[in-house]
Each structure stands twice: as C-alpha cells, then as structure tokens.
Amino acid sequence: MPLVKNGQIAADDFVAVADDAELPAAGPVLISATRLLADPERLVARNSPLGVVWPNNRDVAELKPWLDRLALIALVFPTYKDGRAHSQARRLREVYGYRGELRATGQVLRDQFTFLVRNGFDALDVKKEADAHAFREATHRYTEFYQPTGDGHRSALQLRRQRHLTSAS
Amino acid sequence: MYAYDEIDRAIVHERVDEFRDQVRRRLNGELTEDEFKPLRLMNGVYLQLHAYMFRVAIPYGTLSSEQLRKLAHVARTYDRGYGHFTTRQNIQFNWIALADLPDALAELAEVGIHAMQTSGNCTRNVTADQWAGVAPGEIEDPRVWAEILRQHTALHPEFSFLPRKFKFAITASDHDRAAIKIHDIGLKLVRNDAGETGFEVLVGGGLGRSPFIGRTIKSFVKGHDILSYIEAILRVYNQYGRRDNIYKARIKILVHELGIEKFAAEVEQAWSEIADGPLTLDDEMIEDIRSRFIYPAYEKLPAEPDELRAAAGDARFEAWRGNSVAPHRQDGYAIVTLSLKPAGGPPGDATAEQMDAVADLADKYSFGEIRVGHEQNLVLPHVAKRDLPALWAALDKLGLATPNVGLVSDIIACPGLDYCSLANARSIPIAQELSRRFANPETAALIGRLHINISGCINACGHHHVGHIGILGVEKNGEEFYQITIGGRADEGAELGVLIGPAVPYGEVADVIEDIVEAYLSLRQRPDELFVDAVKRLGVEPFKERVYATR
C-alpha cells in the first residue's frame, strides 16, 4: 500500500508497534490510542516522532492536550463508505489547529482523494498502486469549490463576495 | 429561476468529467461493482429490475423551458420517450444504458441540470414549496436559501459518506406544501421580533420502516448562521449516527434514541466550535445569489379580465379553473397546476412530447418557467388570468387538464414492483385502477380534498404514512397484499396514518378504498368537512367496521 505524502509517493518512516511490544529506543513510532492514553506524558516526552492511530468512534477532542507534540495522527476508514474520519480530520485541523501529519488509512480509494485533501489530510495510505499514481489527476479535477474548508481554497461564496465588492467600488 | 455563473458551470462540467472517468474505469474493470456502486448512486444511477435507472435533480422544483426541453430530449434520445416525476422534485428515466450516461449528463449540464447526489448516503436534492416566490403571504422567496443550501451540500467533502441519506426541505409559507416535517431537516423561513429573517429548524422527520414527524430543534436561527448551524447538525450525525444497521441509520433514529434535548445540546456544542467561522454568510453573499434569480416583468393586469368572464359559460373550463388554478401574489396572475394524473395513467409520468409542449406553453404563458411539486404534478407559476381559457384549451388537448388536483385521483405513487428491485408489490396498477374508479369529475369534486399515497414497500417512497389514505404493499406467502392506513397528512399539521385492519389482497384494494370513501360521505358532518378531518373526529373505528364487516 503506497503512501502518498504531500502529493508524492513517499516512504513511511513510522514503525507501527503493537500494544504488547516494546517500543524501539529511537525512531518514529505509530501506536494505538489505548497505548497513548495509558501513559501520554511519558510517550510524548520520548525523543523521537510519535504517531497515534485514532479510531473513528472516539472523540478527537481527547487528543487536545497532546496535539502539538504528536507528529502523526492516522485516522481510519474501515470502508470508504464510513465517513466518520472526515469529520474528525476537519475538527483536528480547523477547530483544534493540529499541524502535524494527518494520514488517511484503511480503504482509501482514488475517488475520495479530493474530499480527503479538502478535509486536511496530507498523507494517504492508498489501497491500490494505480490510484496512488493517479493522485495528481484525481486531486486536480475540480477548479472550484462550494464549501470553505481549511485547505486554502476560497469558496464560491467568498469569490462572489469579492466580485460583488469589486464591482461596487 | 437561478442562472448559473461560471463557478456553477465549472463545477457541473467537472462533475460530468469525473463521472465519465468513473464509468470508464467500471467498464474496463478497474473498479469493482462494489466500489462503483456508491459512486454511481451519488450521481443518481440505480440498478433496477430491468435496467439502470437515472434520477436527475430539479432543485427546489424550478425548471426553465429550455431545461424541460432538454429533459424531453434525454427521454427521447437515451430512454423510451418518457420520464417520471418523483415526490422529491426529481425526474427519473427508467431504461438508460450505463455507457450512454456520461453523454446524457453532459447534455443536461449544458442547460445547468445535474444528477449530483440524487441517491446515496449523502445530502440529497434540496426541495421547496413548488409555489415558492409566487404564493401570497410568503416571508420571502425560499429558493434563494434553497440554492445556497444546494451549493453548500453539493460535493461536500465531509458529508458525502454519511450513515444514510439526508434530505432537506424548505418553505416560507404557513401552509406547508413542501412536507418539511417528514424530512431529515425541515426549514421554515420566519421573522423574529426584531424583524430579522431566519429559520425555524426541524430535525428527524422521515418515513420508511420507522416513521417520525420532525421536531423543532431551534425555533430561530438567523439567516446568516444557517450554514454553520446545519454543518453542526450534520457533523453530529456523521459522528454518532448508527452505521451498524441500515434501518436505524437515519438521523430520526439518533434524535429518537438521544431525545431531542440531548441531541440539540450536542449540536449546540458542535456549533460553538464553528459558529462565527467562514460559514457565516454576509449580506453580499446572499445578495449575489438573490441577484442571479430571474423574476418575470409582470404587467399591470385586471383581476377579472373579460376573457375569463367570456369563458365562464363553459362548464369544463370552469371545473378546471376551480380545481387547478390558485391565487398568485401578483394581481391579474394565477398559479396553474398541470395534473400528471389522467384517469388510468401512471402517476407522475410525462412523455417527451408533453414535456416539449409544456415548455412551449411556459414560454407563451408563464415567462418560460415551470415548477415540479412533490405531488408529482407540474406547475406554470406565472399565468396571466386573461390567458387561462387559451391555456386550458391547449392543456386539454395534451391530456394535462384533468381537473383532479388535490382530489381522490391525484394519487402519489412510487414506481413499485413494475420497476423497482426493492418493492414487494405493485403501486402503479393500483393507482391506475383507483383513478379509473374515481374518474368522474363530479364525484371527485363531491368527495373533496383527499390524498391517496401508495408505496410498494416499507421504504415509503410513495409517502403512504402521510396520505389521507395510505396504501402499503407487502408480500404474504408470495402474494401481493396491501395495508391501509387513514388519517395521515404531510402538511403543517403532519401526522402518521393509523392502520385500519389486516392487509387485503391486490384484487380487493380498489373496493376497500371505495368503501372507505363511501363511509366518509355518509359520516361527514358537512360537505366541507374534509376526509382527514372526519377521521380525526371519528377515529378509525367506523371506517374499519365498514371495510371489514363484509370481508
């Protein structure tokens, strides 16, 4: 499963560590939410990048105290029809101001890419090789967007407001 | 009518290109049917019993004559020469080939029509009062807000994979013609004591297996805040709506399980995170949308023109005028409903020839504008009263002047087992038989307002729960049976109908309905006591007795 990070196929630096396995002395690790919350202070103080896999049925507000010390949050799409992680992503980015890597995992398919990027994901654990190569095409299909999100695009209403003010002045 | 700007046009064309690519990948095997299914559904493509069915959105029920001609063209070119208008201001084509769909969509996009989110577990076509902007006594034209909602919910990045489908309806009148109380979110435009325009927001209405009437979640949300408030409702639903059981996944179940107070508190919490953010509308934004609605240049015309007085001697014209013509907010004009319920016809169907002819009549008599209502009829919204006799003559020739609007043969029905793979029983032949039995206009007029709604299965596309008489097809030992409810209504006093007794077989349905209507005629206190009011006063017992005494 290729990882697409900031638009490029990239190596995954993070090592997933099972709850009962010992953490390596150094290097980026990815741990479960249960493990993180059992001993968060010690884990975020570790001297290497820390990532957490956050389940889609748990409130992301619980992560608030640790957000500036997490390097990666991996959200989960058990199937792509289960869209809960879309809301989690927007809250993490737009409401709580999380700036680390936000990764989509699970059934991540090409036809979701635009939505995922708009919602703040900057890394996609893509299910199919061909989809990963189609990333650019899939995320450049649309040139206009109705909704304002945290992705930097101005929404249709914002553009029209500008147009309205320009024509009035 | 709302005229697309370059942003709207870009999005609709880009959506067609995306869908064309998805169909290509399905046809060459890159996508499995499982992967493709949600993608095609989000563009209104179902797999039915015999073929693909294609559902096209008619947002808030407004069409231009050019758009209606294009729908006729699609019916003729890609389908079998007709279309079916649904209860949610969509049109369905029943025989379209998958490989042709991208071309049909591209043609529709040329006139600003799309099929975005007419199906699937996402926010669906936004519907409104079909008389919006022309009915007397509205707060303001709700279509401006419906268009803002249409845009906001189109290709929404966060809410395209909800637990289940999600429907909005909006009205600006005290008399609710948009059935807002049976929608996931119902919006009623209101004005507060300070004179500000806003919305009463209802949530959790819906029919199907577990019917609920919507509850008011907030009695006043300012217009400027409506998008952020709705975003909060959808965010709570997306996170907490049930995904373990398709029959418990609608927002109505979440609202019911949490209770409206707890649900409202969750929404307030979610809203507090995003209120006053980029979703807040300002006057320039609203004004930009409003300015793209084109309104007719009405003339100053007499309320009682000579042409009407001259035609008053024609009993057939007068019967039609009394039934199908409603008051307009502008003096000298009228709202005309075109019945798509001829005796013996399938409710809501129109041929390509009829659509073309209606488009021509709209150009001639209604400033090029047509509306589609949830009762599956068409409307010409701006007809000068002096033109009514000429319009009637033209409609009569087309078979579109049946004077049965709102009467017993103006039946709402889903496609049922004739087309639908979900159905347990047929709907259309039941409707056809009933419309033949009550074909006499004098009898129908004597009975008065009476809505019959027929669904071929518990999914309730024919809204049987809220029919004055509801007919629900069920299957018993491989045979079609029908449960009958009475006393339902879909308007501002929305109520669910009550079952009158055991289901009856296919062959007896029309007789049972005739018995119920006869019981009503003998039981009503006055000729103007409506069926649904008589049921309210008497309960189901006397009707039940009449139906089952001899069965």
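Student: At what angle do α16 and α18 of chain B pack, and how far apart are their axes?

Tutor: In this predicted model, helix α16 (residues 509-523) of chain B packs on helix α18 (residues 541-548) of chain B at about 130°, and the axes are 9 Å apart. That angle makes α16(B) oblique to α18(B).

Student: Right-handed or left-handed crossing?

Tutor: The crossing of α16(B) and α18(B) is right-handed.

Student: Which residues make the contact?

Tutor: From α16(B) they are B:V512, B:D515, B:I516, B:A519 and B:L523, and from α18(B) they are B:P542, B:F543, B:R546 and B:V547. By class that gives seven nonpolar, no polar and two charged residues.

Student: B:I516 sits in that list. Which residues touch the most other members of the largest nonpolar core?

Tutor: B:I516 is one of them, along with A:I73, B:I170 and B:I233. The core has 211 residues. Helix α6 (residues 226-240) of chain B gives the largest share of this core, nine residues.

Student: What does A:I73 touch, leaving out residues up to four places away in sequence?

Tutor: A:I73 touches A:G51, A:V52, A:W54, A:L92, A:Y98, A:G100 and A:L102.

Student: Staying with chain A, how many helices and strands does the chain have?

Tutor: Chain A has seven helices and eight strands. The C-alpha trace of chain A spans about 65 × 35 × 25 Å along its principal axes. Of its 169 residues, 39% are buried. Among contacts in chain A between residues at least 6 apart in sequence, 45% join residues at least 24 apart.

Student: And how many residues of chain A are in contact with chain B?

Tutor: 30 residues of chain A are in contact with 35 residues of chain B. On the chain A side, the elements that give two or more residues are α3 (84-95), α4 (113-118) and α7 (156-168). The largest share of that side, seven residues, comes from α7(A).

Student: What is the breakdown by class on the chain A side?

Tutor: The side of chain A that touches chain B has 12 nonpolar, eight polar and 10 charged residues.

Student: Where are B:F367 and B:Q376?

Tutor: B:F367 is in the loop between α12 (352-365) and β14 (369-372) of chain B. B:Q376 lies in the loop between β14 and β15 (378-384) of chain B.

Student: Are they buried or exposed?

Tutor: B:F367 counts as buried because it has 21 C-beta neighbours inside 10 Å. B:Q376 has 24 such neighbours inside 10 Å, so B:Q376 counts as buried too. The cut-off for buried is 20 or more.

Student: Back to helix pairs. At roughly what angle do α3 and α4 of chain B cross?

Tutor: Helix α3 (residues 65-78) of chain B and helix α4 (residues 101-110) of chain B cross at roughly 165°, and their axes come within 10 Å. They are therefore roughly antiparallel to each other. The crossing of α3(B) and α4(B) is right-handed.

Student: Which residues are in contact there?

Tutor: On α3(B), B:K70, B:H73, B:V74 and B:Y78; on α4(B), B:A104, B:E107 and B:L108. By class, the contact has four nonpolar, one polar and two charged residues.

Conventions
Residues numbered from 1 in each chain as written. Chains lettered and ligands numbered in written order. Predicted model: local features only at pLDDT ≥ 70, side-chain atom pairs only at ≥ 80, totals over all residues. Axes fitted to C-alpha atoms, helices over the stretch in contact; angles between N-to-C directions. Helix = DSSP H or I, 4+ residues; strand = E, 2+ residues; numbered from the N terminus. Parallel < 35°, antiparallel > 145°, perpendicular 65-115°, else oblique. Left-handed = near helix turned anticlockwise from the far one by under 90°. Contact = placed C-beta atoms within 7 Å. Nonpolar A, V, L, I, M, F, W, Y, C, P; charged D, E, K, R; others polar. Buried ≥ 20, exposed ≤ 12 C-beta atoms within 10 Å, placed from the backbone. Core = buried A, V, L, I, M, F, W, Y, C linked by C-beta atoms within 7 Å.
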